[in-house]
Amino acid sequence: MDRYPTVAEVEDAARRLASRSAGAVRLRRIGTSREGRPILMLSVGHGPRHVLVVARPHPDEPVGGATAIALAEQVAHGDRSSPATDPAVVTWDIVLCLDPDGAALSRGIEEATAGPRHTLHDYFRAAYRPVAAEQPEWAPLEGGQLPESQALFRVIDELRPFLQCSLHGVEAGGSWVQSTRDLPGLAVPFMTSAAELGVPVQRGTFDALYWENPAPGIYVLPPPDSTGRLAAGSENIGLSTWCAPQRYGGATAIVEVPMWATDLAGDPSPHPDAARALHDLAVLVRDGGQQVTAVLDKARGFLPTAREDPSRRVLEWMAGGLYDLVAESWEPLARQAADATRPGGPRRLTTAQVCALDIVARRQPLRAAGLLARLLEAAGDPAAAALHRDLAELSTAWCADFEEALRLRRVPVRRQVELQTRTVVAAAESALTTLG
């Protein structure tokens, strides 16, 4: 497996698996996207308990489609090495792509990242990630009622899964798991699998900056009254699809695997100068965002409007304050880093924690630059070509610096899929034991 499968390839594989299963595997439509695309779910087994797996909740994270089929085949082949994968004990319900519209806008990402020679620049030039209000898992927090979100809520209410697993990927870093409840049996098999596959366990993450951290790479959602929530702040996380299984005593595990790995993500040693590093990263994300926005300002007059084009909506959303929001969310950590230099102060920030923020600071402007480059390519205005060249020079330099500064190495697709599959199965085993 040298590349990620497209949504169509995943759906074709699901149909083939269902056609030869004599009823043990069922494929059905659970909803329809905003643009009329089907949202399909593959159910494997006939056990009374349910694990719900959600692939492609973010369209720029293509690993989940491959993992979805790998999990389905493992259970369909009658793997009884664990109660969690015994089709007589547990039914696995696998949503093949939660955001098919977003995946269509990320079309080409599979080809752009195929083979061992693809680069970060190739990835960012093909990837599309919608605004928060158009992300199906996240839209309910923004007050949105997307049909994709509603389809997932309906399935959760129908199946009452004891575990939901959301399949995510990250451009660079290590692997980690975020969960809405502690799954104490997960840490050891997760860390063992990561070590065997040569993927670092991420010991610090922007997405769960203030979450409980009972084991390396494991992050647990804090209680609702906690003042420390998500890195960029969200007191309404209980409205998300992640928390919906809690209505029935279930849990959700968000499983992240990297496309490119860096050993810095797993380095627990104290960072030598975290306060200075955080200052520099805040400057980096703001400066990069300003440079992309400056190109956007020159092109606004001939690009599609935000109402007409989802990529333009993302660019305006990012230009409207996202870069500052990201940088400002680190201010508590910057104060902690400054206090850590005093006797009796808090524990110093680690290299891994600073690395996680470094990745975020670099990827935000690159995401915007990739979207804007595609809009400029499609524009017919004479000024578009020169702006596109300017943007390409920025992106190329940023990606090269990204790869060099963090010493990135590509993780083969098959290893990403193997790690995510093993981790999901381990989470199901732990949830069966922990949640009853």
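Visitor: Hi! Where does Ala265 sit in the chain?
Guide: Ala265 is found in the loop that runs between strand S9 (251-261) and helix H8 (274-299). Keep in mind that this is a predicted model.

Visitor: Okay, and is Ala265 buried or exposed?
Guide: Ala265 is buried, because its relative accessible area is 1%, and the cut-off for buried is under 20%.

Visitor: Which residues is Ala265 in contact with, if we skip its neighbours within four places in sequence?
Guide: With those neighbours set aside, Ala265 touches Gly173, Gly174, Val201, Gln202, Arg203, Ala352 and Cys355.

Visitor: And how far apart in space are Ala265 and Leu71?
Guide: Their C-alpha atoms are 27 Å apart, and 194 residues separate Ala265 from Leu71 in sequence.

Visitor: Let's zoom out. How many helices and strands does the chain have?
Guide: The chain has 13 helices and 10 strands. Its radius of gyration is 21 Å, close to the 22 Å that the globule rule gives for 436 residues, so the chain is as compact as a globular protein of that length.

Visitor: What box would the C-alpha atoms fill?
Guide: Roughly 60 × 60 × 40 Å, taken along the principal axes.

Visitor: What share of the residues counts as buried?
Guide: Of the 436 residues, 59% are buried. As for the accessible surface, the chain has about 17,100 Å² of it, and carbon and sulfur atoms make up 51% of that area.

Visitor: What about contacts between residues 24 or more positions apart?
Guide: Those pairs account for 78% of the chain's contacts with a separation of 6 or more.

Visitor: Now charges. How many positive and negative side chains are there?
Guide: There are 44 positive and 53 negative side chains, and the centres of these two sets lie 3 Å apart.

Visitor: Let's pick one of the arginines. Which helix holds Arg312?
Guide: Arg312 belongs to helix H9, which covers residues 310-328. Arg312 is buried, with a relative accessible area of 8%.

Visitor: Which side chain does the side chain of Arg312 make a polar contact with?
Guide: Its partner is the side chain of Glu316, at 2.7 Å. Beyond the neighbours within four places in sequence, Arg312 also has contacts that include Leu296, Arg300 and Leu375.

Visitor: Changing topic: where is Val360?
Guide: Val360 is part of helix H11 (residues 351-378). Val360 is buried, and its relative accessible area is 1%.

Visitor: What is Val360 in contact with, leaving aside neighbours within four places?
Guide: Phe206, Val326 and Trp330. For a sense of distance, the C-alpha atoms of Val360 and Arg37 are separated by 31 Å, and the two residues are 323 apart along the chain.

Visitor: What is the phi of Arg56?
Guide: Arg56 has a positive phi of about 50°, although Arg56 is not a glycine. Most residues other than glycine have a negative phi.

Visitor: Where is Arg56, then?
Guide: Look in the loop between strand S3 (49-54) and helix H2 (63-76). Arg56 is buried, with a relative accessible area of 2%.

Visitor: And what about the phi of Arg160?
Guide: Arg160 also has a positive phi, near 50°, and is a residue other than glycine. Arg160 is in the loop between helix H6 (147-159) and strand S5 (163-173).

Visitor: Is Arg160 buried or exposed?
Guide: Arg160 is exposed, because its relative accessible area is 53%, and exposed starts at values over 50%.

Notes. Residues are numbered from 1 along each chain as its sequence is written. This is a predicted model: local features need pLDDT of at least 70, side-chain atom pairs count only at pLDDT 80 or more; totals for chains, interfaces and linings use all residues. Side-chain values use heavy atoms; hydrogens and water are left out. Helices (H or I, at least four residues) and strands (E, at least two) are DSSP runs, numbered from the N terminus. The radius of gyration is taken over C-alpha atoms; the globule rule is 2.2 Å times the number of residues to the power 0.38. Buried means under 20% relative accessible area, exposed over 50%, partly exposed in between (1.4 Å probe, protein chains only). Contact means heavy atoms within 4.5 Å. Accessible areas come from the Shrake-Rupley method with a 1.4 Å probe; for residues, only the protein chains shown count as cover. Lys and Arg count as positive and Asp and Glu as negative; His and the chain ends are not counted. The place of a charge is taken as NZ of Lys, CZ of Arg, CG of Asp or CD of Glu. A polar contact is a pair of N or O atoms within 3.5 Å; within protein, one must be able to donate a hydrogen and the other to accept it, and residues adjacent in sequence count only if both atoms are side-chain atoms.
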